Amino acid sequence: MKYKVILPTSVLVASLLFSGCGQKENAEAGQTPAAPTTTETSTTPPADFTVAVEQYRTFAVEQCDLFVKETEKFTNAVKSGKLEEAKKLYAPARSYYERIEPVAEALGDLDPNIDARVNDVDAADWRGFHRIEKALWEDNTTAGQEGYADQLLKDAQLLRAKIETIDIDASLMVTGAVELLNEVSSSKVTGEEELYSHTDLYDFAANVEGAYKIFEILKPELAKKDADLEKEIGERFDILQKELDTYKKGDGYVDYTELKDDEVRKLSQNLDALAEPLSNMGKILGV
Amino acid sequence: MSEHNQNSNDSILKKPMTRRDVLRLAGTGGLGLLLGGSAVGGMFAAESHRKTEAAKVPSASEDQVPFYGQHQAGIITPAQNFICFAAFDVTASGSNSLQKLFQSWTAAAAAMAEGKQVGEESSNHNLPPVDTGESVGLTPSRLTITFGAGPSLFDDRFGLASKRPPAFKDLPSFNGEQLEPQWCGGDIGVQVCADDMQVAFHAVRNLARIARGKAVLRWVQEGFQRSTQADPTGSTPRNLLGFKDGTVNPDVNSAQDMNKVVWARGNDGAAWMSGGSYMAVRRIRMRIEVWDRSSLKDQENTFGRYRASGAPLGAKNEFDPVDLSAKDEKGNPHIPADSHVALARGDGSIQILRRSYSYSGGIDLKTGQLDAGLLFISYQRDLFKQFVPMQQKLAKSDRLNEYILHVGSAVFACFPGASKGGYIGDTLF
C-alpha cells in the first residue's frame, strides 16, 4: 500500500533530481501542473542555495555512514543468533534511515528493499528491516534470517554508494521536509509502520528530526522571505518536540501500544499543525 | 382505530398539499419557506411547474445567502438540503490567536458564501494551493456558515470568563440520555449548510485547515433532508421515522416572533450577544429497526399525528390546530397526553426555532444496526427558559423515548452578525 501511495512522489522527486539531465525531461516536468519546478516559471532570479544544498548533502552522507555502521551491528546480531541484542539495535539503526528517507526514496528500488512492510510488495520480494522485524518479534527467533540480514547490509551499503550521485537541490529539500512529516501522518502515528516491534515513535522522532534539519538549513532564507512563517514553523516544531519528549524512555521511546487514543490523536494534530505551515516553505524557491 | 385509518387513507389519496394549506401557510408566515427553501409559487404543486423548476438554473443572487448582516446567516435562513456540522476545540493560547482565527475564518466564510475560493490563489508551483479546490466551478448553493462559542470557551484560557452570559452553560442531564463524549461539547461550533454536500464539506475542510495549530476538530456530523429537487412543493420534511417533522415552527418572516423566540438582546445578560442566538445541538440516534416493527397505530400514537398527512390525530390536515382536549366517541383524547406532539407543544407558551437534519452514520459495529437519526438543532433566545424545560418534559414522559436515544449534546452562543470590515465574534473581544 505504502509504495502505491508514494510512488507518484518518488517519480516526481526523481524527475526533479534529474531535471538537469536533458531538455526533454525539463519540458516534461514543466507540463505537469503540480510539479514544483524551479525552472522555466521563475520570474525573479532564484536565491542561491549552493551552501544550503552542500550542508544538506553533508548531513545526508553522515546519516548514511551511521546507517551502514549501525545496520551492520544489527545484522551481525541477527546472524549470530543474539535475539535480544538484535531487538535492541533494530529501532536505533533505522533512525538514521528515517531521517533521510525522501533521499532514499528517490533511489528506485532501494527503499522497498530496505523498508517495505508486509503487503507493500509481493510476498516473494519481501525483504529488509520489516521482514526481520517480523521474525524477531512475532516468531521470537533469528533463525532463518541470515540471508535477509546479508541482503539488508548490502542494500544499506548500496544506498551509501548511490547517495553521492544524487543531485540534491533546494526543491528536493523543501518537498522532502513535508514528505517526512507525511510519512509520520500516514503510517507512524497510526502504529502501522512497526507492526511487530511497536517502535513507531523512534521512526516518528527521526522523521521529525530529518524535517527539522532541512528547516534549520533553509531558515535564514525563509526568514528573509517570510519572517512570520519562519517563526510559526519554529514554534510548532518546538511544540511537537516537547510532546514527543514526554514519551522518551531511556535512550529511546516507549512502546507504541502504551499510547492512549487521545495521546495518539494529540500527536497527530500537533503534527498536522506543523506540516501545514511547513508546506509553505516553498516560498523561498520563488514562483 | 377505524377512524384513524379512515383519516390516513383519506390523506393518502390527497395531493401532498392543497391550495388551502398553502394559503394558510402564507397567512401564518411561510413555514414551508423555512423548511423547504422554495418560493411560494413553487408550492402550488403542478406537474408542469415542477418541470420548469427543474430546468431552471438559479441565478447567482438567488443561490447566494449574504454572509454579512445584523444577524448571522443560517439561523432564520430557509433550511438548505445539507448540513455539515463541525465542533472545534481551541488549542492556541491567548485571546490574540483566537481573535486572529475568527478574522481568518470570517474572511474565508464570506468568500465561500459568494462561491469564491479561499484566499488569494497564487500561481506558485512550489506551494500547495490555498483553497482545497473541490468547489471550483460550483455555485454558492446557498452556503451559510454560522459560528458559535461553547461554554468551555469562557474558562480561564482566553480571559473571557467575565463575558460568559449568565444564562449560558452546559445543559443539565436529561432522563434517559446516553451521551458519548465523542459527540459532545466543543469550544466553537460551526453550522455549515448548503444545497450541495460538496460545497458544505469544502467549507468545513477549509475552515479546519485554516485553523491548524489554533484549533482542532472535536466532532463532525453530516446531515441531510429531502432535497428541493425531490420535493419542489417544499412540504414539511419527514424524519427517518417516516413522520413529518417541523410542522410547528415559529414564523421566520415575523420580526416580532423572531425577536421573541430567537434573537438575544443586549439586556438579556450579555451585551455582546445582542442580535445573536443560542443554539442547542443534540445527536439523537433512532432505533430504526425497533420502530419498523411497531404497528402504524403505535407509531401514530407515539407522535400524536397521522403518518400520511401529518395532521394531528382526530384532525384532517397537517396544519389543523393541535387540540389536546379533542376526544373520540368513547371519550378518550384523540392525542395521547404522552405523545410527542402533546408534550412538545404543552400549552403553546414555549417556542423554539427548529432547524434539524437527518443523519446516517453507517452501522453500529456492535449490533450491526443502522446508526441513523436526527441531528436536532434549535435556536432560542434563552436555552434555559425555552429548550431546557421543553426537553425535560420530553425526556421524562415522551412515548418516543422508546425509539430514540440522545447520544450527543452541545450548546453554542451564536454571535450576532458581522458587518463588512468587522469579523464574527468582534463584539466579544
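Here is a walk through a predicted model, starting with chain A and then moving to chain B.

Let's begin with the overall make-up of chain A. You'll find 12 helices and 2 strands in it. Follow the chain from the N terminus and the elements come in the order α-α-α-α-α-α-α-α-α-α-α-β-β-α. Chain A has 287 residues, and 54% of them count as buried. What about contacts along the chain? If you take the contacts between residues at least 6 apart in sequence, 75% of them join residues at least 24 apart.

Now zoom in on one loop of chain A, the one between helix H7 (129–138) and helix H8 (146–163), where Asn140(A) lies. Most residues other than glycine have a negative phi. Asn140(A), though, has a positive phi, near 55°. Is this residue buried, partly exposed or exposed? With a relative accessible area of 46%, Asn140(A) is partly exposed.

Arg142(B) is buried, with a relative accessible area of 10%.

Next, look at how two helices of chain B pack. Two packed helices are described by the angle between their axes and the distance between the axes. For helix H5 (residues 95–113) and helix H6 (residues 197–210) of chain B, the axes come within 10 Å and cross at roughly 160°. Angles over 145 degrees count as roughly antiparallel, so that is how H5(B) and H6(B) run relative to each other. Their crossing is right-handed. Which residues meet there? From H5(B) come Ser104(B), Trp105(B), Ala108(B) and Met112(B), and they meet His202(B), Ala203(B), Asn206(B), Leu207(B) and Ile210(B) of H6(B). Sorted by type, the residues of this contact are 6 nonpolar, 3 polar and no charged.

Stay in chain B and find helix H9 (residues 296–303), where Gln299(B), Glu300(B), Asn301(B), Thr302(B) and Phe303(B) are buried. Just after H9(B) comes Gly304(B), with a positive phi of about 85°.

Our last stop is Gln380(B), in strand S8 (residues 370–380) of chain B. Gln380(B) is buried, with a relative accessible area of 0%. Its side chain is joined to that of Ser378(B) by a polar contact of 2.9 Å. Leaving aside residues up to four places away in sequence, Gln380(B) touches several others, including Val261(B), Tyr278(B), Ile352(B) and Phe387(B).

Key: Residues numbered from 1 in each chain as written. Chains lettered and ligands numbered in written order. Predicted model: local features only at pLDDT ≥ 70, side-chain atom pairs only at ≥ 80, totals over all residues. Heavy atoms only, no water. Axes fitted to C-alpha atoms, helices over the stretch in contact; angles between N-to-C directions. Helix = DSSP H or I, 4+ residues; strand = E, 2+ residues; numbered from the N terminus. Parallel < 35°, antiparallel > 145°, perpendicular 65-115°, else oblique. Left-handed = near helix turned anticlockwise from the far one by under 90°. Contact = heavy atoms within 4.5 Å. Nonpolar A, V, L, I, M, F, W, Y, C, P; charged D, E, K, R; others polar. Buried < 20%, exposed > 50% of the residue type's maximum accessible area, 1.4 Å probe, protein only. Polar contact = N/O pair within 3.5 Å; in protein donor to acceptor, adjacent residues only side chain to side chain.
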